[in-house]
Amino acid sequence: MRIEPCKICANQDFEYLYQGCDRLHYLPGEFKLYRCSGCGLILVYPQLRDQELSKYYPQDYYSYENSHRVAPPRSLKEKLVYFLLHPFQALNCLFYSKLLGQNRDLKCGLGSRVLDIGCGDGRYLLEKRSLGCQCFGNDIGEKALNRLREKVPEIETRCGNLWDVDFSQNFFDVINMSHVIEHVRDMDKLLIEARRIVKDDGLLRIQVPNAASVSFAIFGKFWMPLDVPRHVYTFSFPNLKRMFRDNGFEIVHARTVEGSFSVIGSIFYVVASLFKKEIPLMRHERIWDSEIIKLLFFPYAFVVNLLRVGDTAEFILRKAAK
Ligand SMILES: [Zn+2]
């Protein structure tokens, strides 16, 4: 099939990978996935127009749902009580957060300007706000933004594509973009705009699924982060590096931060397919959010992240000197 040249390496040769469908919400439609033989970029082709794609973001899409996580304990006494009441959760916190540094984030001082692109219901920003940062949110989901505005009117939110919402140039100390790029057809446009609005000494933190991972090799078309058709592109560690550099960024730090969620999700997809049943993953929070199961997955997460073949790539970027 004739596909337009790859947006990362300009190669014109693509191999057919799989037929995919929406395994998260079971919305109708079959989609073909292709892989660039030059850089490994995976894409859904033919691409859906914005209006068609928006049908695949139902109101219960998980980043739009109200977050109800409890604030982590701070004092020693609080930590002790927490450990006694929630031993598995406390162990996971110790292993995933402390040992693997999964929640390690950019340092944001008092008054730092922080933008979260794809902020959903604002869970990232609420935490930054509690540290005294000046917070800004951007998303295409109007309802989630309205909920955030009602909850915390001081957080400035702008609805629409980043390049249409007109933030000031050289404005932000920190920009967070967690699981956003893979949803955007014109990723260069997004990166160019992010580069324009971040300060010269500011930083970008980007998390994105990584197809150069053990779990993609294991699960193939059942790999949860393919998330057909919402993920227009599926990247991998090497082509991400190339794309960031080509868009004028310098890589400060790169690693993988796989947890347990997507492996559990992928197992759900395999089981659903074997039994030819619809098993809506998000309604089984007791399984995918089970602290015992997370604990069981820790050795796997530890090894794949150590070898940088985890299923989520994390990059810290700053503007490269021109
Ligand atoms: Zn390519």
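I began with strand β1 (residues 14–20) and found it antiparallel to strand β2 (residues 31–36), with six bridges joining them. I took helices (H or I, at least four residues) and strands (E, at least two) as DSSP runs, numbered from the N terminus. I counted two strands as paired if DSSP finds at least two bridges between them. I numbered residues from 1 along each chain as its sequence is written. This is a predicted model, where local features need pLDDT of at least 70, side-chain atom pairs count only at pLDDT 80 or more, and totals for chains, interfaces and linings use all residues.

I then followed Y34 in β2: Y16 stands opposite, and its bridge partner in β3 is L43. I noted four bridges in the antiparallel pairing of β2 with strand β3 (residues 42–45).

Which order do the strands of the open sheet have? I read β1-β2-β3-β9, four strands with antiparallel pairing. The edge strands, β1 and β9 (233–234), each pair on one side only.

Next I checked the loop between α7 (214–219) and β9, where P229 is found. The peptide bond from V228 to P229 is cis, with omega near -5°. D227 is in that loop too, and its phi is positive, near 35°.

Is D227 buried or exposed? I put D227 down as buried because it has 21 C-beta neighbours inside 10 Å. The cut-offs are 20 or more other C-beta atoms within 10 Å for buried, 12 or fewer for exposed, and partly exposed in between, with C-beta atoms placed from the backbone.
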